[in-house]
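Biologist: Please show me the model, and then I will ask what the terms used for it mean.

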Amino acid sequence: MQLDPIHQFEIKNFWPLFNLGGHQISFTNSALYMFIIVALVSLLLIGCTTRRAVVPGRLQSIAEISYEFVANTVRSSAGTEGMKFFPFVFTLFMFVLCANVIGLIPYSFTVTSQLIVTVCLALLVFFIVVGYGFWRNGLHFLNLFVPKGVPKLILPAIVAIEVLSFMSRPISHSVRLFANMLAGHITLQVFAGFVIMLGGAGVLGIFGATLPFIMVVLLFALELLVAFLQAYVFAILTCIYLNDAIHPGH
Amino acid sequence: MSDARENGDWDRQQASEAALSARLQRLNEGLGQARDQARNGHSSDSSGAQRAAPASGYAKGLRLSSELVAGVLVGAGIGWLLDRWLGISPWGLIVFLLLGFAAGILNVMRSAGLIAGPALGGPRQGPDR
């Protein structure tokens, strides 16, 4: 057992593949877990929907509940028109949820605790919002940055602030997920480390170790909640940003 | 005798039609209520992640601080890049750091639900977003 709380986030190269612009591109444990996540989600959803009973069984209920949950989220924050982005949001939600939950299994690797992964997802959302916004509304999309009823004198400053606020979205979008997963896993590891260190310190230590052990159990439950909540927050923020692309100011 | 039976059939038919129309009306009312709820739900439920998550203080703090830091970082990054490209150091950094700070505050207030979002001119003011 490693006592170093950062050790769990280490990237291990499995197979070096090729060099791209001086950087080595390898198949890492992160890539492996992403493949596992995609395979798991695909298998789960395809397997759940093959029988298509009118009265759903347990597995089919999982698929139906997750569909309805995400569909309601999309409808309530991006309107019915946002439903054309449903496949995208659903994929994001299932990927992040699965990554978070798989990361909670001891000795596994948490993909979403890598900043680069969450930044990629957030930038994908950002560019889809910008691209779709301009494609659908043309230059009308820029009305997003011009609030109504602002005096002409301070309008340039307000527009600059709005643009900066818009551009900071992918950062807060990605850092929120990343920081939650990172902090949660480090906390778990630190408390688990206390259990081991105290347990090695004689009889009194074993009694003392029960306290951090209870803490680890409670934190684990909290982390399970956070894993789900952060996937949901990621999805709902995506919907809110897409809503801006669909209805930019009037 | 056959008259009586026909009358009985007719009555029954009338009764079942009345029941049917009453049922239709009830269903319509229910549907209308559901639609209203859905519409209201759309207007009040969509104010963003702050409603979505009955967040603990820790989560809330993390969220708001990430919003603020994101604004400042983006402002500083853009200012620094402008300085490098245009050679106007240090003015780009100064101006855009301040603007970024303002954008961060705006993000925080929006995320906390204190002010409305950007896509809200006109009639859809308020928490609707």
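Biologist: Which residues have the most contacts inside the largest nonpolar core?

Modeller: A:Val89, A:Leu92, A:Phe93, A:Val96, A:Phe234, A:Ala235 and A:Cys239, in a core of 54 residues. This is a predicted model, in which local features need pLDDT of at least 70 and side-chain atom pairs count only at pLDDT 80 or more, while totals for chains, interfaces and linings use all residues. Residues are numbered from 1 along each chain as its sequence is written, and chains are lettered from A in the order in which they are written.

Biologist: What makes a set of residues a nonpolar core?

Modeller: Its members are buried Ala, Val, Leu, Ile, Met, Phe, Trp, Tyr and Cys residues joined through C-beta atoms within 7 Å. Helix H7 (residues 202–246) of chain A gives the most to this core, with 14 residues.

Biologist: Why are H5(A) and H3(B) called roughly perpendicular?

Modeller: Angles from 65 to 115 degrees count as roughly perpendicular, under 35 as roughly parallel, over 145 as roughly antiparallel and the rest as oblique. Helix H5 (residues 155–167) of chain A and helix H3 (residues 57–86) of chain B pack at about 110°, with axes 8 Å apart. The two are therefore roughly perpendicular.

Biologist: Which residues make that contact?

Modeller: A:Leu164, A:Ser165 and A:Met167 of H5(A), with B:Gly71, B:Val74 and B:Gly75 of H3(B). Contact means that C-beta atoms, placed from the backbone, lie within 7 Å. Three of the residues are nonpolar, three polar and none charged. Gly counts as polar here, while Ala, Val, Leu, Ile, Met, Phe, Trp, Tyr, Cys and Pro count as nonpolar and Asp, Glu, Lys and Arg as charged.

Biologist: How many helices and strands does chain B have?

Modeller: Four helices and zero strands. Helices (H or I, at least four residues) and strands (E, at least two) are DSSP runs, numbered from the N terminus. Of the 129 residues in chain B, 23% are buried.

Note on methods. Axes are lines fitted to C-alpha atoms, for helices over the stretch in contact, and angles run from 0 to 180 degrees between N-to-C directions. Two residues are in contact if their C-beta atoms, placed from the backbone, lie within 7 Å. A residue is buried if 20 or more other C-beta atoms lie within 10 Å of its own, exposed if 12 or fewer, and partly exposed in between; C-beta atoms are placed from the backbone.
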